[in-house]
Amino acid sequence: MEPPHGPQTKAHWKQVEPRLHEKLHAEQQYRSRQAVEALCRGTTVVLAGQRAAGKSTLLPYAAQLLNRKTPPVDLDAEIERHVGCSIGHLVARHGIGHLRVLEKEAFLKLPAASVVAVGGGFWSTWPELLQVKGCTVVEVPISFETYRERLLKDAKRPRLRPELTLEEELLQTYAERQALHEKLPHLSWVEFCLAAEAGLRPRRVVTLPPGAPPLAFAAEAKAKGADMLEIRTDLHGPSLDVAPLAKVLPLLLARRGHAVPTAWKPHACCIDIELGDLGKEEADLVSLHAPSPMLPHEAKALWQKVPPGLLCKHVEPVGELKTAPRLLETQKLLRALREEEQTTVLAMGELALPFRCLLSPLNSLDYVALSPAWQATWKNVPGQRLLADAVREARSPHRPGGPLHKRPLRKGIVGTRIAHARSPGIHPQPFDRIDVPEDADIKTLVETLRPFYAGFAITSPFKRALAENSPWPAVNTLVRTPCGWHKDNTDVAGAKATLKALGEKEVVVLGQGGVAIALKEAAKQLGVLLRFISAKEAQGPLQGAVVWTWPSHVEPPAGLRFEGARVALIAYGKPAWVLAEKISRLGGKPCMLGATWFVAQARGQRQLWKEAQ
């Protein structure tokens, strides 16, 4: 689904109110998180506003955004169905007062958590009813010019004040109702779109890196789903012109060492200062970057000293893996201490990423990396997940939120250099791309995460390391059980599909890592003869059918050559094309079978994860 300021919503808006649709670009942040919570709790949502605003037109779209089980209701159409005549004929026969009574009766019969469009006079006639029923009212606005044009052309709509001329009636009715509507609690249509599409997700923040073309970076970030652009004073000087950037994304200006330039401030959506700089300049957000891990009660005591009303961002190192879940308790305490929407708790470090994923649903802000290169190369962002992964999770109908014990168990892929991995795109969300260094304490990491994850896909270089206490020398799948991890190797299904696609009875395998183990088992089941060659043994020309298992970042042996050999690649994405070029240079014919392997093994993983406990 397009973001709320994207082409899809613009198209719906232009059908309804062409004079006001540009407001969608001006109002890119919803103001009321409480209203979002009301939507998520399942209140009845009422599209209200002036006559001819387009409430009935937007009703199906609103219902689609909310994904409610009950079908949407057009209250006027429901009344017409019940009485057997049009609203115009009803008013002509019995008067406007009779319509108001029927409106109330029909509204009271609606099931809970309905999405309903009401007539133009309903909101101003029954405001107390909407409040008593706990409804979320969404105003569909219309300019007077469009209102007048539409009603002058629509002879079927009943007159409300026949003692006045039509022009007088239109002007007085519009003005009176508009004045009343402005005083009543409601969401604007723009706020509703943003709230419904975003749910309770945090605002996604990307940081403008030094050396990047600012406008191009901001435009790409917005196109890929970022909500805010952070500009830090330790990365950019006062010569940076931020005005054009503010027209692309709301700006979060962060004071880091140097004061926020005066010229920047008029363009700020939010100003962030370090806790130690509190009082040096006005701010909306206060950040603490703790040099070492903190106990939850220590963090709470520190934030108790910060004035209320400010957003707080608490950042600390993961520290010892076994103690890392303390960050969830810290988040819980800070959310209780301060207003819930004011709190962001982040983990930092090379193993921080899964803990950031666990913290994210209840954070106010989610700091994410626009690209793998930015994620991997800049020293101050270890542990940030990719923007694409955050967007994918938010679009899922099963997005996590609420108390930790009520959230769906997460899943993820664990490995090194896995920015290309497609698993996050095909498995049900939430599914995390957990990219960690080769020397990570992988056993402790997955055990620490077991309370929160249904399972993991395991890839290079951890397949052997995690095979302990399993019947396999290497595993690619972990499944949570009440007493530990069930370990499996669905790569065997991928290996069988690959060997079948090659269609040869004898195959050479380059490499003897975790993938080779799956190939051995698959070959045994298929009756295929395999010959394994290590990097040291790969000398001279190879012919026939070959399977390449070395990662793309590993250079092939100097003496390796092919003579017309068909070389199966079980990688996919960019790494596969890198390898294909190497193989072609060495005289081989690349066979791109990565997707064949991947789909077959992923099916097995999904089935296993369904059984997780």
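**Reading a buried helix and an open sheet**

Student: Which residues of helix H19 are buried?

Tutor: The buried residues of H19 are Leu387, Asp389, Ala390, Val391, Glu393 and Ala394, where buried means under 20% relative accessible area, exposed over 50% and partly exposed in between, with a 1.4 Å probe and protein chains only. Helices (H or I, at least four residues) and strands (E, at least two) are DSSP runs numbered from the N terminus. This is a predicted model, in which local features need pLDDT of at least 70 and side-chain atom pairs count only at pLDDT 80 or more, while totals for chains, interfaces and linings use all residues. Residues are numbered from 1 along each chain as its sequence is written, and side-chain values use heavy atoms, with hydrogens and water left out.

Student: Why is H19 described as largely enclosed?

Tutor: Of the 8 residues of H19 (387-394), 6 are buried, so the rest of the structure largely encloses this helix. Its buried residues pack against elements including strand E6 (203-207), helix H13 (214-223) and strand E14 (410-415), contact being heavy atoms within 4.5 Å.

Student: What is the strand order of the open sheet of 5 strands?

Tutor: Strands pair if DSSP finds at least two bridges between them; here the order is E20-E19-E22-E24-E25, with parallel pairing. E20 (529-533) and E25 (589-592) stand at the edges with a single partner strand each, so one side of each lacks a neighbour in the sheet.

Student: Which helix lies across E19, E20, E22 and E24?

Tutor: Helix H22 (491-502) does, running at about 155° to E24, where axes are lines fitted to C-alpha atoms, for helices over the stretch in contact, and angles run from 0 to 180 degrees between N-to-C directions. Helix H24 (574-585) also packs on the sheet, touching E22, E24 and E25, and makes about 160° with the direction of E25.
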